[in-house]
Amino acid sequence: MVVLLEIALVLGLVGIVGSYFFRGRRDTERQDVIERRVEAYMQTIRREGGTELAAMGDLELRDLLLSSARNLRVQAERKWYILIGGGAAAVLAAIAIGTEEGTRGFGIVLLVAALALYGINEFMGRRMREPLVARGIDVERLRVE
């Protein structure tokens, strides 16, 4: 069982490193989609009006929205890395406890770690969105998956 977990961890790390090195083309496609979404959102803001965003000039609004989209992407990547690192640490801790306490200890550590990681995910997600929502920016319009 431990050998299978170690193999899964190694394969997961190799996959993460491989995707990190081959992300150039994906980033250019993502940037094109972000720019199209920003243009569409700018038209929606102009059409609806009534917010402080509508009072901004085109260049200022475009810069604000592109910057917001970029910040969302960077913070989402940071959140992902923290969750992956926390998950790896949780599995290692569960293995260590499992060797001493058995399957019950392994399961309890994984359960506590899952709850902690869920809380961290929710906290970081809300923290990413709060500054944008405070300015009246719809976060879902800028998000690119």
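Is Gly119 buried, partly exposed or exposed? At 34% relative accessibility, Gly119 counts as partly exposed, since buried would require under 20% and exposed over 50%. Please keep in mind that this is a predicted model, so the values here are computed from its coordinates.

**Around Gly119 and the H3–H4 pair**

Gly119 belongs to helix H4. From Gly119 to Thr99 there are 20 residues along the sequence, and their C-alpha atoms lie 27 Å apart in space. Helix H4 covers residues 103–134, and its axis comes within 8 Å of the axis of H3. The two axes cross at roughly 170°. Angles over 145 degrees count as roughly antiparallel, and that makes H3 roughly antiparallel to H4. What kinds of residues make up the contact of H3 with H4? They divide into 19 nonpolar, nine polar and two charged.

**Salt bridges**

Side chains of opposite charge can pair when their charged atoms come close. In this model the count comes to four salt bridges.

| Salt bridge | N to O distance | Relative accessibility |
|---|---|---|
| Glu39 with Arg62 | 2.7 Å | Glu39, 33% |
| Arg46 with Asp58 | 2.9 Å | Arg46, 33% |
| Glu77 with Arg73 | 4.0 Å | Glu77, 25% |

Take the pair Glu39 and Arg62, whose closest N and O atoms are 2.7 Å apart.

The side chains of Arg46 and Asp58 meet in a salt bridge at 2.9 Å, N to O. Here distant parts of the chain are linked, with Arg46 in helix H2 and Asp58 in helix H3, 12 residues apart. Arg46 counts as partly exposed; Asp58, at 44% relative accessibility, also counts as partly exposed.

The pair of Glu77 and Arg73 sits within one helix: the two residues are four apart in helix H3, which means that about one helical turn separates them. Their N to O distance is 4.0 Å, and a salt bridge is counted within 4 Å. Glu77 is partly exposed, and Arg73 is partly exposed as well, with a relative accessible area of 23%.

**The largest pocket**

Rolling a probe the size of a water molecule over the atoms shows where empty space is left. How much space lies in the largest pocket? The value is about 630 Å³. The pocket is lined by 21 residues, and the closest to its centre are Arg30, Arg73, Ala76, Glu77 and Trp80.

Which elements give two or more residues to the lining of the largest pocket? They are helix H1 (2–21), helix H2 (24–48) and helix H3 (58–101). H3 supplies the largest share of the lining, eight residues. By residue type, the lining divides into 11 nonpolar, one polar and nine charged.

**Bringing it together**

H3 runs roughly antiparallel to H4, holds both Glu77 and Arg73, and gives eight residues to the lining of the largest pocket.

Definitions and conventions:
Residues are numbered from 1 along each chain as its sequence is written. This is a predicted model: local features need pLDDT of at least 70, side-chain atom pairs count only at pLDDT 80 or more; totals for chains, interfaces and linings use all residues. Side-chain values use heavy atoms; hydrogens and water are left out. On a 1 Å grid over the protein atoms alone, a cavity is a set of points where a 1.4 Å probe fits but cannot get out, and a pocket is an open set with protein on both sides within 12 Å along at least five of seven lines; lining residues have an atom within 4 Å of a point. Grid points are joined across faces, edges and corners, and a volume is the space filled by probe spheres set on the points. Ala, Val, Leu, Ile, Met, Phe, Trp, Tyr, Cys and Pro count as nonpolar, Asp, Glu, Lys and Arg as charged, and the others, Gly among them, as polar. Buried means under 20% relative accessible area, exposed over 50%, partly exposed in between (1.4 Å probe, protein chains only). Axes are lines fitted to C-alpha atoms, for helices over the stretch in contact, and angles run from 0 to 180 degrees between N-to-C directions. Angles under 35 degrees count as roughly parallel, over 145 as roughly antiparallel, 65 to 115 as roughly perpendicular and the rest as oblique.
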